[in-house]
Each structure stands twice: as structure tokens, then as C-alpha cells.
Amino acid sequence: YLLDGTSVQSMSKNQRAVTRNRKIGFVFQNYNLLPKTTAIENVELPLLYNSSVSARERRERAIHALNAVGLQSRLNHKSNQMSGGQQQRVAIARAIVTRPKLLLADEPTGSLDTARSEEIMALLSALNAEDGITVVLVTHEPDMARYAKRHLVFRDGLLISDSKTEAAS
């Protein structure tokens, strides 16, 4: 397959690792944050592997991403000092800080209340519309699925429907 116009099959192992780091953002259902690390440090982590991003830019981008998910007051809190919903938003900030071409999000609103879920879905929609980021969202929540332009429904590992929709904004 092609990712951002480049064949992934023809890449070396190292090239694939760089591509994953720079072109794909991951939001894991269980967050995968480092527990004794601050929100800023957790969000900076994927940028540490990109030598073209300076320490100053790394910090600025991390703060910007945390602000985008509403965590400006929790920048220096360690993940074990935050609620599940706050940890979820740190994980989302970490996924978007690299400005990926593809965002893979597994239940990104699962730990959030309705208002925060709506804010995060609006953010993901804006990233798609304004920055061209392709968002692949896995959810069991119909309210969140309504933000998608295309719905793929699977049951027991089989695709049972594929439809285009008018996404909510």
C-alpha cells in the first residue's frame, strides 16, 4: 500500500520505523503513557526520535497539542496524577504532536464525558478538514461515529456495511 504517496512494501525496516514515527499518530485505548513522566514529557516523546525537531520546538509543539485538548492547566502533572479522561487527552495530544498524515484512534473518547468527547471529535474533524489528516476511528459509540465521513461496520471480523455519510461538525 501507499502511505503519503510512498510504497510501504519497498521500505526497509528502519524506513518503516521512521514513517510510523513521523507519519502515523496512534491513540491507544489504554493510553500507553509513561507513569512517572509529565504530560509535556509524554507528548514530547515521539518528537525525541526526530532529529530535525529542536528541544525548543518540541516543547512548544507539546504545549500547543496539550492546549488543543484542554490540558493547559495540567502540563507538569505526571500521568499517575491525572484522571483517566485527562490521560486519554494526553494520549491524543501525543498522537497529534507529530502532525501525522494518518491518525489511528482506538476508542479515543472512551474515558471522556460527553462534552469533552464532543470537543475531541471536533478537534479530530478540524485536523481532517484543515490539515488533511486521515483519521481512522474505532468506536462503539454512535454519537462519536456520526463525525465520520465514512462508516465501516464490522461484526465478528467481517465487514457488514460500508457507507459514506454527512459528517457532523
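Two strands are counted as paired if DSSP finds at least two bridges between them. Strands themselves (E, at least two residues) and helices (H or I, at least four) are DSSP runs, numbered from the N terminus. With that in place, colleagues, let me turn to the sheet.

The model is predicted, so local features need pLDDT of at least 70 and side-chain atom pairs count only at pLDDT 80 or more, while totals for chains, interfaces and linings use all residues. Residues are numbered from 1 along each chain as its sequence is written, and side-chain values use heavy atoms, with hydrogens and water left out.

E3 and E4 run parallel and are joined by four bridges; Gly25 stands opposite Leu103 in E4. The open sheet has three strands in the order E3-E4-E5, with parallel pairing. Strand E3 (24-27) and strand E5 (134-138) each have a single partner strand, so they stand at the edges, with one side of each lacking a neighbour in the sheet. On average, neighbouring strands are turned by 10 degrees against each other, direction ignored. Helix H1 (residues 13-23) lies across E3 and E4, running at about 70 degrees to E3. For such angles, axes are lines fitted to C-alpha atoms, for helices over the stretch in contact, and the angles run from 0 to 180 degrees between N-to-C directions.

Next, the interior. A nonpolar core here is a set of buried Ala, Val, Leu, Ile, Met, Phe, Trp, Tyr and Cys residues joined through side-chain atoms within 4.5 Å. Buried means under 20% relative accessible area, exposed over 50%, and partly exposed in between (1.4 Å probe, protein chains only). The largest core has 34 residues, and Val43, Leu66, Val69, Val90 and Leu103 have the most contacts inside it. Two or more residues each come from helices H2 (39-48), H3 (55-68), H4 (84-96) and H5 (114-131) and from strand E4 (102-106). H4 gives the largest share, six residues.

What does Val90 contact beyond its neighbours within four places in sequence? The partners are Leu33, Ala39, Asn42, Val43, Leu66, Leu71 and Met82, contact meaning heavy atoms within 4.5 Å.

Arg61 lies in helix H3. Is Arg61 buried or exposed? Arg61 is buried, with a relative accessible area of 12%. Not counting residues up to four places away in sequence, Arg61 touches Leu47, Val53, Val97, Thr98 and Arg99.
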